[in-house]
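Dear colleague,

I am handing over the structure below, and my notes on what was found in it follow directly after. Please read them with the model open beside you.

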Amino acid sequence: MTPISDIKVSIIVPVYNVELYLEKCLLSLVNQTLQDIEILVVNDGSKDQSQQIIEKFQQEYPNKIFGFIKENGGLSDARNFGIDRAKGQYLGFVDSDDYVSATMFEEMYNLAEKHNAQMAICNLQKVDENGKVTQKLTQLPNFPEKIILENNLSVFSDISYFACNKLFKKELFQNKRFKKGIHFEDIELIPQLLLECETLAFTANYHYQYLERQDSISKTHTTKGLDILNAVKTVSEKFNQSRFSNQKKALKDFQILEGVYTFLAYLAFVKEETDFYNMSKKMDNFIETNGLKTKDIFQYKRFGKNYLLSLSTRKKIYYILSLLRFRKIVRILT
């Protein structure tokens with residue numbers, strides 16, 4: 001067994017009713033080229049055969065897989081449970097229906113150590129249930145391995161705030177945890193962690209494979225999407241208390257990307273007209289409260305390119321239809 005002091009990375013895997021996908025996920029983790037790791041598998045009250053799969057892996061890999069069972073408390077609660085028990089120098093998070101490349105944690109750990117970075121980031125891609133890549137999600141195009149945040153604060157508003165494609169220095173979580181009982185917990189916490197960083201490390205390799213499940217795609221979008229706006233509000237408050245508080249453009253761009261475009265992408269699939277009406281009103285209030293101008297929203301640039309123009313045709317249509325529907329609501333309201 002690896003001594004506690006030598007554990008380089010703790011990988012936290014929340015599990016809830018994923019018997020069809022869990023084995024592939026855990027196989028990708030026990031076969032990591034980085035040996036000095038622990039894999040904390042947190043069964044968050046699953047009612048299927050997930051626990052039997054966890055126990056099988058525990059028996060086969062007793063020095064790597066450490067299983068826990070807890071009452072269902074949601075993704076944030078399961079991640080926090082793992083954080084509280086993690087012994088590694090760095091923390092990583094993998095969703096139990098996804099999987100990763102064999103070299104993911106070795107490369108990210110080595111980059112973080114090489115550049116004394118508090119956070120390492122890799123590219124990720126969406127895959128279907130047959131393993132076919134459906135979308136490449138490039139995170140920091142044309143950026144170097146080492147990124148000094150103070151000199152590249154545009155990163156704050158440009159990157160995608162997934163927890164799963166990042167490696168975090170454990171100390172970042174000393175006084176911070178994922179907020180329980182909300183959706184879009186990554187948008188609420190990860191930007192706050194980023195603000196604590198001095199240096200980031202980046203690899204352009206697509207290490208993380210994000211499974212786009214059919215049952216997830218077809219889920220109805222509801223008012224739970226308002227948690228996006230609440231998350232952005234929380235981050236905005238923390239930004240204004242940070243050492244970057246005078247960098248207003250970075251904050252405004254973050255509010256546009258996450259509070260407008262991410263919210264619109266969600267809003268586009270809200271079918272209930274009443275929910276859409278209420279959520280549109282909330283977004284209009286968000287835009288007004290934060291002093292965001294229509295011109296700024298349409299001219300927002302991500303990595304130096306106009307965000308709307310850089311989208312695929314299908315996504316442009318989603319955004320435009322959602323904007324038109326949203327503007328119709330706003331006209332009615334005013």
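I begin with C164, which counts as buried because its relative accessibility is 4% (buried means under 20% relative accessible area, exposed over 50% and partly exposed in between, with a 1.4 Å probe and protein chains only). Please keep in mind that this is a predicted model, in which local features need pLDDT of at least 70 and side-chain atom pairs count only at pLDDT 80 or more, while totals for chains, interfaces and linings use all residues. Residues are numbered from 1 along each chain as its sequence is written, and side-chain values use heavy atoms, with hydrogens and water left out.

To stay with the cysteines, the closest cysteine sulfur to that of C164 belongs to C122 and lies 8.1 Å away, which is too far for a bond. Searching the whole structure gives 0 disulfides, a disulfide being a pair of cysteine sulfur atoms within 2.5 Å. C25 also counts as buried, because its relative accessibility is 0%.

Turning to the helices (DSSP runs of H or I with at least four residues, strands being runs of E with at least two, both numbered from the N terminus), helix 9 (residues 248-267) packs against helix 10 (residues 273-289) at an angle of about 170°, their axes being 11 Å apart. Axes here are lines fitted to C-alpha atoms, for helices over the stretch in contact, and angles run from 0 to 180 degrees between N-to-C directions.

A second pair is formed by helix 1 (residues 22-30) and helix 2 (residues 50-60), which pack at an angle of about 25° with axes 10 Å apart, and that makes helix 1 roughly parallel to helix 2. In this pair, L22, E23, L26, L27 and V30 of helix 1 meet S50, I53, I54, K56 and F57 of helix 2.

Finally, K8 lies in the segment before strand 1 (9-15) and is partly exposed, with a relative accessible area of 24%. Leaving aside residues up to four places away in sequence, K8 touches L34, D36, G88, Q89, Y90 and Y109. The C-alpha atoms of K8 and D36 are separated by 5.6 Å, although the two residues are 28 residues apart along the chain.

Definitions and conventions. Parallel < 35°, antiparallel > 145°, perpendicular 65-115°, else oblique. Contact = heavy atoms within 4.5 Å.
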